[in-house]
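This briefing goes through one protein model by topic, beginning with a single residue and widening to the sheet and the helices. Please keep the sequence and the coordinates at hand while reading.

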Amino acid sequence: MDITFIQMTDGYDGYPGRYPLGLAYIAAPLLKRGHPLHFIDFKFFTHTPAQIEEKVKSIRADLIGISAIISSYAHIKELSHLIKKYHPHTPLILGGPITF
């Protein structure tokens with residue numbers, strides 16, 4: 001199964017954030033089992049809306065996972081709609097502190 005993980009911005013521009021430890025914990029056993037993984041980091045690098053849309057369009061995955069915190073809710077909502085626009089049949093899983 002080809003999987004893409006996305007780390008989303010928390011809405012505070014210019015702050016690079018932290019290493020996505022939760023995604024690393026999930027990625028490790030998947031890699032051991034031979035699943036191809038891809039990672040898009042919208043938190044560390046600044047992207048324009050057009051760049052985000054191009055990245056989303058270019059995703060080739062059987063499953064997409066997003067890690068986020070509650071302050072990124074508005075960004076996640078927009079991103080989720082964008083993902084479903086280009087990948088309507090791909091399962092989308094939201095995780096991280098936003099889900100608590």
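Arg 60 is exposed, with a relative accessible area of 59%, which is over the 50% that the term requires. The model is a predicted one, and Arg 60 sits in its loop between α2 and β3. The points below place that residue and then describe the rest of the chain.

**Surroundings of Arg 60**
- Once residues up to four places away in sequence are set aside, Arg 60 touches Asp 2 and His 87.
- Although Arg 60 and Thr 4 are 56 residues apart in sequence, their C-alpha atoms are 7.9 Å apart in space.

**The chain as a whole**
- The protein chain has 3 helices and 4 strands, and along the sequence these follow the pattern β-α-β-α-β-α-β.
- Of the 100 residues in the protein chain, 35% are buried, while the exposed surface comes to about 6500 Å², with carbon and sulfur atoms supplying 62% of it.
- Among contacts between residues at least 6 apart in sequence, 77% join residues that are at least 24 apart.

**The sheet**
- The 4 strands form an open sheet with parallel pairing, in the order β2-β1-β3-β4.
- Because β2 (37-41) and β4 (92-95) stand at the edges with a single partner strand each, one side of each is left without a neighbour in the sheet.
- Neighbouring strands of this sheet are turned against each other by 20 degrees on average, with direction ignored.
- Strand β1 is joined to β2 by 5 bridges, with Phe 5 standing opposite Phe 39 in β2, and 5 bridges also join β1 to β3, where Ile 3 stands opposite Leu 63.
- Strand β3 (residues 63-67) is connected to β4 by 4 bridges, the two running parallel, and Ile 66 stands opposite Leu 94 in β4.

- Ser 67 is found in strand β3, and because its relative accessibility of 19% is under the 20% limit, Ser 67 counts as buried.
- Leaving aside neighbours within four places in sequence, Ser 67 is in contact with Ile 6, Gln 7, Met 8, Leu 23, Gly 95 and Gly 96.

**Helices against the sheet and each other**
- Helix α1 (residues 21-32) lies across β1 (3-7), β2 and β3, and runs at about 165 degrees to β1.
- Helix α3 (residues 73-86) lies across β1, β3 and β4, and runs at about 170 degrees to β3.
- Two packed helices are described by the angle between their axes and by the distance between those axes.
- For helix α2 (residues 49-58) and α3, the axes come within 9 Å and cross at roughly 45 degrees, which means that α2 is oblique to α3.
- The crossing in which α2 passes α3 is right-handed.
- In this pair, Ile 52, Glu 53, Val 56 and Lys 57 in α2 meet Leu 79, Leu 82, Ile 83, Lys 85 and Tyr 86 in α3.

Definitions and conventions. Residues are numbered from 1 along each chain as its sequence is written. This is a predicted model: local features need pLDDT of at least 70, side-chain atom pairs count only at pLDDT 80 or more; totals for chains, interfaces and linings use all residues. Side-chain values use heavy atoms; hydrogens and water are left out. Buried means under 20% relative accessible area, exposed over 50%, partly exposed in between (1.4 Å probe, protein chains only). Contact means heavy atoms within 4.5 Å. Accessible areas come from the Shrake-Rupley method with a 1.4 Å probe; for residues, only the protein chains shown count as cover. Two strands pair if DSSP finds at least two bridges between them. Axes are lines fitted to C-alpha atoms, for helices over the stretch in contact, and angles run from 0 to 180 degrees between N-to-C directions. Angles under 35 degrees count as roughly parallel, over 145 as roughly antiparallel, 65 to 115 as roughly perpendicular and the rest as oblique. A crossing is left-handed if the near helix is turned anticlockwise from the far one by less than a right angle, and right-handed if clockwise.
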